[in-house]
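Please read them with the structure open.

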Amino acid sequence: MTLDEYNGFCASLPHTTHVVQWGGAHVWKVGGKVFAIGGWNEGAGLSVTFKVSDMAFDILKEQPGLRPAPYLASRGMKWIQRISGETMDAEGLRDYIRESHRLIAAKLTRAVRKDLGLPA
């Protein structure tokens, strides 16, 4: 997945906003909360960080090309960073980004979800 494809996909999800921050990372948010972070992986292409369920974290953290997200996972949060397509292709990545968006949106306050037109 290229940076343009990543940004295009994230933009297609409901009620998202985009900002470039943290040293050039492409950060996508829903309701002001981060659900995906894309950045360059030391010349090896695009790395993408996303939130996952507890079970997915336990499975994905052991897979080649994936790792617990630096900084986030070390603080007990269940975030995975895809650093290569070795075990997760672009379609799988889109599925996990979509799920990350859903997980983050579900944790927004009821008032914010209502303002955005998201399910309560």
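1. Asp95 and Arg98 form a salt bridge, and their closest N and O atoms are 2.9 Å apart. This is a predicted model. Both residues belong to helix α3, with a spacing of three residues, or about one turn of the helix. Asp95 is partly exposed at 39% relative accessibility. Arg98 is also partly exposed, at 39%.

2. Which residue forms a salt bridge with Arg94? The partner is Glu91, and the closest N and O atoms lie 2.9 Å apart. Helix α3 covers residues 90–106, and Arg94 and Glu91 sit three residues apart within it, so about one helical turn separates them. Arg94 has a relative accessible area of 23%, which makes it partly exposed. The cut-off matters here: buried means under 20%. Glu91 is partly exposed too, with 40% relative accessibility.

3. Helix α3 holds another pair, Arg102 and Glu99, again three residues apart and about one turn of the helix. Their side chains meet in a salt bridge with an N to O distance of 2.7 Å. Arg102 is partly exposed, at 45% relative accessible area. Glu99 is partly exposed as well, at 29%.

4. How many salt bridges does the count give? The count comes to four. Among them are Arg94 with Glu91, Asp95 with Arg98 and Arg102 with Glu99.

5. Now look at Leu13. It is placed in the loop between α1 (3–12) and β1 (16–21). Is Leu13 buried or exposed? Leu13 counts as buried, because its relative accessibility is 9% and the cut-off for buried is under 20%.

6. What does Leu13 touch? Leaving aside residues up to four places away in sequence, its contacts are Phe35, Ile97, Arg98 and His101. One of these, Arg98, also takes part in the salt bridge with Asp95. Trp28 is a separate reference point: it lies 15 residues from Leu13 along the chain, and their C-alpha atoms are 10.0 Å apart.

7. For the fold as a whole, the protein chain has four helices and six strands. Their order along the sequence is α-β-β-β-β-α-β-β-α-α. The radius of gyration is 14 Å, close to the 14 Å that the globule rule gives for 120 residues, so the chain is as compact as a globular protein of that length. The C-alpha trace spans about 40 × 30 × 25 Å along its principal axes.

8. Two figures describe the packing. Of the 120 residues in the protein chain, 41% are buried. Take contacts between residues at least 6 apart in sequence: 43% of them join residues at least 24 apart.

9. Last, the surface. The accessible surface of the protein chain is about 6,700 Å². Carbon and sulfur atoms account for 54% of that area.

Note on methods. Residues numbered from 1 in each chain as written. Predicted model: local features only at pLDDT ≥ 70, side-chain atom pairs only at ≥ 80, totals over all residues. Heavy atoms only, no water. Helix = DSSP H or I, 4+ residues; strand = E, 2+ residues; numbered from the N terminus. Rg over C-alpha atoms; globule rule 2.2 N^0.38 Å. Buried < 20%, exposed > 50% of the residue type's maximum accessible area, 1.4 Å probe, protein only. Contact = heavy atoms within 4.5 Å. Areas by Shrake-Rupley, 256 points an atom, 1.4 Å probe, with all protein chains shown as cover.
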